[in-house]
Amino acid sequence: GLSITETFYFTFGRTTVIPIMPSSFYYTMYSFGGTHVIDNLTVDSKVILAPNYMVVGDSIVKGYSAGTIEKRSIDILSNNYVGTFVAYASGNLRIQELNATEIAFHRPQKVIVKCGVNNLRAGESSVTIVGRISTFLTDLNTAASAFGITYTLGTNFFVCTLLPADGANDV
């Protein structure tokens, strides 16, 4: 029989960080006709549930412009704090595109939001960006309530200061 196995592990610093690629992979089958019988299909996920920290953000979280692995924000965190870190990141991601339901499903103990640069680049004001973060926190709490979790700013929900995209003050 035919067997296909794919395994991905990413190790940064002292901690294994398992990146979550949001909604980017679907199991599919395609054929040019004929009959195909599947005797056994097993799908196993290595995604860690209830990580200590989930860092959500854009390409900066993934390491864009970091220069070296050691300078990626997720690496800096994992080298200075003990625990399991999961990165939920996608390039060009804006705050309003964060999937609160998908993030809540993983039941992270602490959520660190590190995005907004793309919102700044799109011309949004700091007031709009702060409002979007507030909406995301509300949506996250709505989704997390199914698991008995509540996120509170400064307790288990943190927002990093945004890097200025245009040389102006930080948000």
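This is a predicted model: local features need pLDDT of at least 70, side-chain atom pairs count only at pLDDT 80 or more; totals for chains, interfaces and linings use all residues.
View 1. Together with Leu 49 and Phe 105, Phe 147 makes a nonpolar surface patch of about 270 Å².

**View 2. Strand β3 and its two partners.** Strand β3 covers residues 53-57, and five of its five residues are buried. Tyr 53, Val 55 and Gly 57 point one way from the strand, while Met 54 and Val 56 point the other way. In a regular strand, side chains alternate between the two faces of the sheet. β3 runs parallel to β4 (residues 85-89), to which five bridges join it. With β5 (residues 110-114), β3 also pairs in the parallel sense, over five bridges. Val 55 stands opposite Ala 87 in β4, and its bridge partner in β5 is Ile 112.

**View 3. The largest nonpolar core.** This core has 23 residues; those that touch the most other members are Val 56, Leu 98, Ile 103, Phe 136, Leu 140, Tyr 151 and Phe 157. At least two residues each come from β3, β4, α3 (100-105), β5 and α5. The helix α5 gives the most, with seven residues.

**View 4. Surroundings of Leu 140.** Neighbours within four places in sequence are left aside here. Leu 140 is in contact with Ala 100, Ile 103, Ala 104, Val 111, Tyr 151 and Phe 157.

**View 5. The second core.** A separate core of eight residues includes Tyr 53 and Val 55, along with Phe 85 and Ala 89.

Conventions. Residues are numbered from 1 along each chain as its sequence is written. Side-chain values use heavy atoms; hydrogens and water are left out. Buried means under 20% relative accessible area, exposed over 50%, partly exposed in between (1.4 Å probe, protein chains only). Helices (H or I, at least four residues) and strands (E, at least two) are DSSP runs, numbered from the N terminus. Two strands pair if DSSP finds at least two bridges between them. Patches are made of residues with over 30% relative accessible area and no salt bridge: like charges are joined within 9 Å, nonpolar side chains (Val, Leu, Ile, Met, Phe, Trp, Tyr) within 5 Å. Accessible areas come from the Shrake-Rupley method with a 1.4 Å probe; for residues, only the protein chains shown count as cover. A salt bridge is a side-chain nitrogen of Lys or Arg within 4 Å of a carboxyl oxygen of Asp or Glu. A nonpolar core is a set of buried Ala, Val, Leu, Ile, Met, Phe, Trp, Tyr and Cys residues joined through side-chain atoms within 4.5 Å. Contact means heavy atoms within 4.5 Å.
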